[in-house]
Amino acid sequence: MGKAPKKRSLADKVRKTKTSTEIKNNPFEVKINRKKFDILGRKTKHDVGLPGVSRSKAINKRKETLLKEYKQKHKSSKFIDRRFGEYDPKIAPEDKILQRFALERQRVHDKKDVYNLNEEEELTHYGQSLAEIEKFSYTVDSDDEAEEKGLLSAELTASHFGGGGGLLRKKTSGEQQEEEGTHKAKSRQELIEELIQKSKQEKRERQVQREEAQELTEKLDQDWKSIQTLMVKKTAKADSIDKQEEKPKLDEYDMMVRELGFEMKAQPSEKMKTPEELAREEKEKLQKLEADRVRRMMGDVEGDDVQTRAHTSADDLNDGFILDKEDKKTLAYQDGKWNITEGSEEENEEEDEEGEGDHEEESEEDDEDGDQDKEEGEEEEEEEEGGSEEEDGHSDLDSEQESETEEKAEEDEKSNAKPKKSLSKEEMKAHQDAAKAELPYTFTAPESYSDLKDLLHGHAPDNQRLIVARMQKCSHPSLAVGNKLKLQKLFGFLLEYVGELATRSPPELTTIDKLIPELYTLCQLFPDAACKAMQSTIGDAAHSMEEVLEVKGHAAFPPLDMLIYLKVTGLLFPTSDFRHPVTTPALLYISQALTKCPVRSLQDVTSGLVLCCLAVEYISFSKRFLPELINFLTGTLYLAVQDKTSLGYSVVPPFRPSGKYSDLLVLSDLESYKSWSKKSLFLSATQHLELKSDLQRDHHRLTCLSTCLDLVKRCCLLYKDLTSFTHIFQPIRTLLSKHLSAQTFPALLQELHSEILEAISSAAVMHCMLVFEKKKPIPLKLLTPKIVEVLDYGKKCGSTREERERERLKHKYKKEFKGALREIRKDSRFLAREKLNEITKRDADRKKKVRELFGSLATQEGEWKALKRKKRK
């Protein structure tokens with residue numbers, strides 16, 4: 001068999017043309033492709049190329065394909081003939097016409113004639129055509145005819161619907177002769193009267209038949225009743241009572257369904273108001289109350305009696321009224337019976353509430369004044385035990401403020417609604433004095449700290465909180481442009497005021513507790529300003545401590561105002577963040593104070609324990625390990641040890657192993673614990689501690705020990721998951737088990753003592769022995785070359801068929817990829833040339849038109865000048 005003929009390329013075809021000899025003879029048109037190696041017996045292709053010919057062919061091909069696509073781009077004005085057989089040359093023109101006609105008839109039939117009936121068939125009803133019946137219109141002339149519908153006689157029908165043809169039609173000669181033989185012909189009036197008489201007679205007969213049928217029906221009903229009494233069997237009363245008792249009870253589901261049927265339907269609620277609208281309403285409400293207070297203070301009490309009357313129109317029937325209370329009785333279903341609850345009890349309760357509403361504020365103020373001493377103790381307990389209780393206590397502060405103002409407004413409205421008699425001068429003066437003594441409702445934001453201090457001076461803690469709250473409502477940022485800056489300043493003024501309250505003697509902790517919610521509200525409104533204010537406060541305290549340390553080498557514990565600031569920081573800002581711009585510096589300040597401040601008195605011990613309480617609050621969520629905290633608690637326990645020889649524990653500053661201040665918590669009398677009762681540390685003890693007798697000092701030492709053991713217990717719960725837990729608490733375990741015997745402590749401290757030792761000893765040891773890995777060591781990489789024997793040039797020995805196929809496909813992919821890139825570049829260059837040609841062509845056309853316009857204008861100008869010269873002559 002011979003070989004298949006090879007396909008000829010474009011270059012081969014070009015070489016066979018007439019001009020191929022001329023091209024080949026031109027050395028500038030021929031390119032010789034050199035070979036690296038000459039191999040005998042191998043036939044070469046394209047050793048001599050013609051780049052000019054191939055380039056012209058490629059350009060022509062792109063003009064036919066790519067250029068046409070480029071010109072038709074973004075053009076949709078293309079019409080396609082979709083007639084049947086238009087592009088099919090096999091179908092004859094006559095067949096095309098017939099097929100198109102059939103398709104058109106089918107399309108019209110499918111759309112319009114689906115529900116049409118055949119025209120040849122005619123539907124009838126009782127022998128009459130439906131088309132004629134549909135044209136007939138029946139009209140009812142009177143009520144009598146409506147009752148007699150369908151009962152017309154043939155003569156009446158003929159007279160009404162036949163146009164009188166039956167009566168007035170011309171008669172035949174035979175009929176006329178018959179009638180002449182009997183009687184004379186009747187006139188039209190006589191025929192109409194006779195027709196009316198017949199219709200009345202038929203109506204009377206139908207009425208008689210109807211009455212007879214009604215009488216027979218009544219008689220049949222009476223006979224049936226007499227028969228029915230004989231058929232019914234009477235039962236005894238006892239049997240009927242048993243049957244009533246045996247009635248099945250309703251299921252729970254049926255009961256619930258019936259109850260749901262009588263429940264009130266859901267009513268649409270009012271739309272949610274924006275914070276700006278709420279602030280505006282609050283301000284308007286306070287302004288209204290303040291205007292009312294000023295009016296009462298000025299003695300204008302008669303204005304309360306004046307009742308504004310709504311305008312009554314002329315068409316008003318005066319039947320509109322409003323029920324003050326709901327007299328509607330509630331309907332319910334309970335245990336299978338109707339339950340109608342009356343609203344008398346509710347009305348009595350409402351009247352009682354109205355009677356007691358006048359005394360609510362007085363009772364609240366008395367309760368708050370009586371609980372001021374208790375709140376100091378609660379504040380100190382919160383400093384020790386953490387911020388969890390304070391979060392619960394301050395959660396509903398905003399609602400309390402709003403409720404108080406709303407209660408006062410409602411009381412004023414109630415008092416205004418009641419009719420008043422004309423007041424005497426003494427009563428008028430009493431009203432004026434009461435209004436003057438009442439707290440104003442509107443306050444402007446202070447511009448300086450002295451203004452705020454003047455506003456709050458002389459007021460009770462609750463009134464001070466109300467003043468600040470009303471100040472915020474009257475100066476809400478959404479009400480005016482400068483209110484935002486005023487409230488930001490107010491936060492700094494309040495911080496300074498809180499610090500001043502803490503430095504007073506005695507410190508006003510109750511007022512501070514009342515003002516903290518307002519600080520929280522302002523912090524939520526302006527977090528950036530609050531952050532900067534707290535940062536500056538904590539930064540100043542830290543810098544002052546560093547300066548003192550540089551000069552003296554030691555510093556005193558932070559004062560009470562700084563402890564309050566640290567507490568407020570934990571309440572206002574998150575303490576669980578890894579790094580926070582306010583809480584992180586505060587925690588560093590606490591750790592620095594616990595490390596650098598020496599303990600020289602019981603007051604220092606109290607301050608250090610308060611700082612430890614704050615540190616535990618800060619790390620309660622994040623469980624961050626704070627070594628300064630553990631060191632201070634261990635040193636506090638060390639201060640209670642009597643025999644400090646052979647402790648097995650090295651004391652770390654700020655504590656000293658021996659000296660004047662190493663026995664601060666050692667009891668002077670071992671029997672003093674019998675009269676001791678557990679109390680919380682007072683914050684005022686950090687500022688001024690007065691202990692007159694040895695018994696009071698021992699009681700305070702026991703209080704400090706109980707607080708320290710509580711903190712150690714909380715630290716054990718926080719750090720129990722650490723791998724080094726046993727090592728961290730080993731000094732504490734040594735002190736409690738060997739040097740601080742529980743027998744010398746009260747029962748409460750003995751319980752804490754045993755719980756701490758149990759928690760430390762029960763901790764699981766999670767250490768593991770250090771062992772070498774049992775894996776085989778990885779050898780170092782050697783630089784010895786890998787020798788591959790090559791049997792055939794260009795082919796590796798040992799390569800499989802799949803590998804060779806993969807290499808071949810990779811080589812082919814690279815080759816095709818390069819070819820595609822080359823073609824894309826050529827296409828882009830071709831399109832760029834065409835675009836440039838279009839631009840140059842457009843520019844040439846435009847220049848040509850411009851020249852033509854200039855030429856025409858020049859000729860026109862010349863003609864005009866020539867005409868002008870002629871006129872001058």
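These legends describe close-up views of a predicted model.

Local features need pLDDT of at least 70 and side-chain atom pairs count only at pLDDT 80 or more, while totals for chains, interfaces and linings use all residues. Residues are numbered from 1 along each chain as its sequence is written, and side-chain values use heavy atoms, with hydrogens and water left out.

**View 1. A positive surface patch that includes R806.** The patch is formed by R55, R806, K810, K814, K818, R822, R825, K826, R829 and R833. Patch residues have over 30% relative accessible area (Shrake-Rupley method, 1.4 Å probe) and no salt bridge (a Lys or Arg side-chain nitrogen within 4 Å of an Asp or Glu carboxyl oxygen); like charges are joined within 9 Å, nonpolar side chains within 5 Å. Helix α34 (residues 801-872) supplies the largest share, nine residues; helices are DSSP runs (H or I) of at least four residues. R806 lies in helix α34 and is partly exposed, because its relative accessibility is 45% (buried is under 20%, exposed over 50%, partly exposed in between).

**View 2. A nonpolar surface patch made by Y813, F817 and L821.** The area of this patch is about 310 Å². L821 belongs to helix α34 and, at 31% relative accessibility, counts as partly exposed.

View 3. The structure holds zero disulfides (pairs of cysteine sulfur atoms within 2.5 Å). The closest cysteine sulfur to that of C612 is in C613, 7.1 Å away, so the two are too far apart for a bond. C704 is also in no disulfide, with the nearest cysteine sulfur, that of C708, 9.1 Å away. C612 is buried at 0% relative accessible area, and C704 counts as buried at 0% relative accessibility.

Conventions. Lys, Arg positive; Asp, Glu negative; His and termini not counted. Charge placed at Lys NZ, Arg CZ, Asp CG, Glu CD. Helix = DSSP H or I, 4+ residues; strand = E, 2+ residues; numbered from the N terminus. Buried < 20%, exposed > 50% of the residue type's maximum accessible area, 1.4 Å probe, protein only.
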